[in-house]
Amino acid sequence: MTSDSGPVSAANTRVNGERLWDSLMEMAEIGPGVAGGNNRQTLTDADAEGRRLFQSWCEAAGMTMALDRMGNMFMRLEGADPDADPVMIGSHLDTQPTGGRFDGVLGVLAGLEVVRTIRDMGVTPRRPIVVVNWTNEEGARFAPAMLASGVFAGIHTEDYANSRVDAAGKRFGDELDRIGWRGDEPVGGRPIHAMFEYHIEQGPILEAEGREIGVVTHGQGLWWLEVTLTGKDAHTGSTPMAMRVNAGLGMARIIEAVHRIAMDHQPAAVGAVGQANVWPNSRNVIPGKAVFTVDFRSPDLGKLNAMRARLEEEAATIAGDLGLGISIEPVGHFDPVTFDPKLVEVVRGAAERLGYSHMDIVSGAGHDACWINRVAPTVMIMCPCVDGLSHNEAEEITPEWASAGADVLLNAVLEVAGSAD
């Protein structure tokens, strides 16, 4: 996608990297973790405080706020043509319980920095620019992930989103009202000319390849399958081995099968079990129940569905051999994503003009952009993260990496937003 009137600025336009980094560090003071990261889970008091700080920064940069019924924040810099569909930049401010300082927040505050830099330049792009904070991207407190962007894109209904509950039984809708961040604007239907999301890679490829910029061409599809095994609680010491109906053993064998299935579908396929519980979870009781979630991902829809089908077949056989009851419920899914090829070219061109090393990459994680891609042309930009570590308080990037991606974001947005002349 090219601009309506060509690039607004010279190819060497750069953000204020020090200002961006200072903003990241100041936001990280809200909802601090116990080990240097963040615990700013969605719809908590810390989330509300982070939203207020972001709002104040945006308004100081000449932006106005709109708020929809899911709490999505839309911060708008007016363009020379206020009737033109805006260019959107967005990600999320919420974190995992033991999250890092950059996952999500980098994309939001880099969007703010793009606007600040445009204002510093004294430039008015033709199209408005809207920086958005999507509610509940992480899904750590209220499943599923990317909840509010999913409502925006028509994947979920508002009633469904409002009815989600956390581990304490608190409803999403009630907590959104409690922290005071539910707006009046209907969810979805906003015109979008193009959307950009800038994010840390959350994987090791860019750092290992020595590249500063990831040009994201695709996003992996995902199946989350919740498996419930039902056996019989029994004493670990007095129950003969041949008479046990051990749900824990069944879970172990299925976890091994998940790994084997993913390995058999290489390349470009992954699978693991990251959440697992057994009952009654006592040292001397054979588990009578196990519930765990299988996570399969691939950018190839055929592989993704084949892994699910094979797991369901093999898990049923394992359960049958052990005398276990079994149910498998899909609890999360999205098809692989192909980001807008013209926007991909814009991002690649910006990286080349700026002299940054870059490579095409597939996003291994789900992002709000994956849903918005269904309703508007969308693309992602990534920067490296140390050792590929994310969803961890030790998550780290360098100021130089943060600035490089923001520079590419700035130049790409200016090109797509067009000149006022």
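**Reading burial, charge pairs and confidence**

Visitor: What is the relative accessible area of Glu345, and how do I class it?

Guide: In this predicted model, Glu345 has a relative accessible area of 48%, so it is partly exposed. Now take Arg348. At 16%, under the 20% cut-off, Arg348 counts as buried.

Visitor: Which helix holds Arg348 and Glu345?

Guide: Both sit in α10, residues 341–354. They are 3 residues apart, about one turn of the helix. Asp45, Arg141, Asp166, Glu175 and Arg178 are another case: salt bridges that share partners join them into one network.

Visitor: What joins the side chains of Arg348 and Glu345?

Guide: First the general idea. Side chains of opposite charge can pair when their charged atoms come close. Here, Arg348 and Glu345 form a salt bridge, 2.4 Å from N to O.

Visitor: How many salt bridges does the count give?

Guide: The count comes to 24. One of them joins Arg69 to Glu158, with the closest N and O atoms 2.8 Å apart. That pair links distant parts of the chain, 89 residues apart. Arg69 is in the loop between β1 and β2, and Glu158 is in helix α5. Arg69 is partly exposed, at 31%. Glu158 is partly exposed too, at 21%.

Visitor: Which residue does Glu312 pair with?

Guide: Glu312 meets Arg308 in a salt bridge of 2.9 Å, N to O. Both lie in helix α9, residues 301–322, 4 residues apart. Glu312 has 26% relative accessibility, so it counts as partly exposed.

Visitor: Where is Asp68, and is it buried or exposed?

Guide: Asp68 lies in the loop between β1 (64–67) and β2 (73–77). Asp68 is buried, yet has no salt bridge. The nearest side chain of opposite charge is Arg190, 6.4 Å away. Beyond four places in sequence, the contacts of Asp68 include Phe74, Phe152, Arg182 and Glu185.

Visitor: Where does UniProt place the feature "binding site"?

Guide: The unreviewed entry lists Asp103, Glu138 and His391. They are spread over 289 residues of sequence but cluster in space, with a largest C-alpha distance of 9.6 Å.

Visitor: What surrounds Glu138?

Guide: Start with its place. Glu138 sits in the loop between β4 (129–133) and α4 (147–152). Its relative accessible area is 9%, so Glu138 is buried. Beyond four places in sequence, its contacts include His92, Asp94, Asp103 and His391.

Visitor: Is His391 buried or partly exposed?

Guide: His391 is partly exposed, at 40%. The loop between β15 (378–383) and α12 (399–417) holds it. Leaving out residues up to four places away, His391 touches Gln96, Thr98, Asp103, Glu138 and Gln202. A 3.1 Å polar contact joins the side chains of His391 and Asp103.

Visitor: Which residues does the "Peptidase M20 dimerisation" domain annotation cover?

Guide: The unreviewed UniProt entry gives residues 220–319. In the model, this span is 37% helix and 34% strand. Its end C-alpha atoms lie 29 Å apart.

Visitor: Where does pLDDT stay under 50?

Guide: The general rule is simple. Where pLDDT is low, the predicted coordinates should not be read in detail. Here that concerns residues 1–10, where pLDDT stays under 50. The model has 29 contacts for them beyond four places in sequence. For the protein, mean pLDDT is 95, and 97% of residues reach 70 or more.

Key: Residues are numbered from 1 along each chain as its sequence is written. This is a predicted model: local features need pLDDT of at least 70, side-chain atom pairs count only at pLDDT 80 or more; totals for chains, interfaces and linings use all residues. Side-chain values use heavy atoms; hydrogens and water are left out. pLDDT is the predictor's confidence in each residue, from 0 to 100. Contact means heavy atoms within 4.5 Å. UniProt positions are given in the numbering used here, feature names are shortened, and annotations may be inferred rather than shown by experiment. Helices (H or I, at least four residues) and strands (E, at least two) are DSSP runs, numbered from the N terminus. Buried means under 20% relative accessible area, exposed over 50%, partly exposed in between (1.4 Å probe, protein chains only). Lys and Arg count as positive and Asp and Glu as negative; His and the chain ends are not counted. A salt bridge is a side-chain nitrogen of Lys or Arg within 4 Å of a carboxyl oxygen of Asp or Glu. A polar contact is a pair of N or O atoms within 3.5 Å; within protein, one must be able to donate a hydrogen and the other to accept it, and residues adjacent in sequence count only if both atoms are side-chain atoms.
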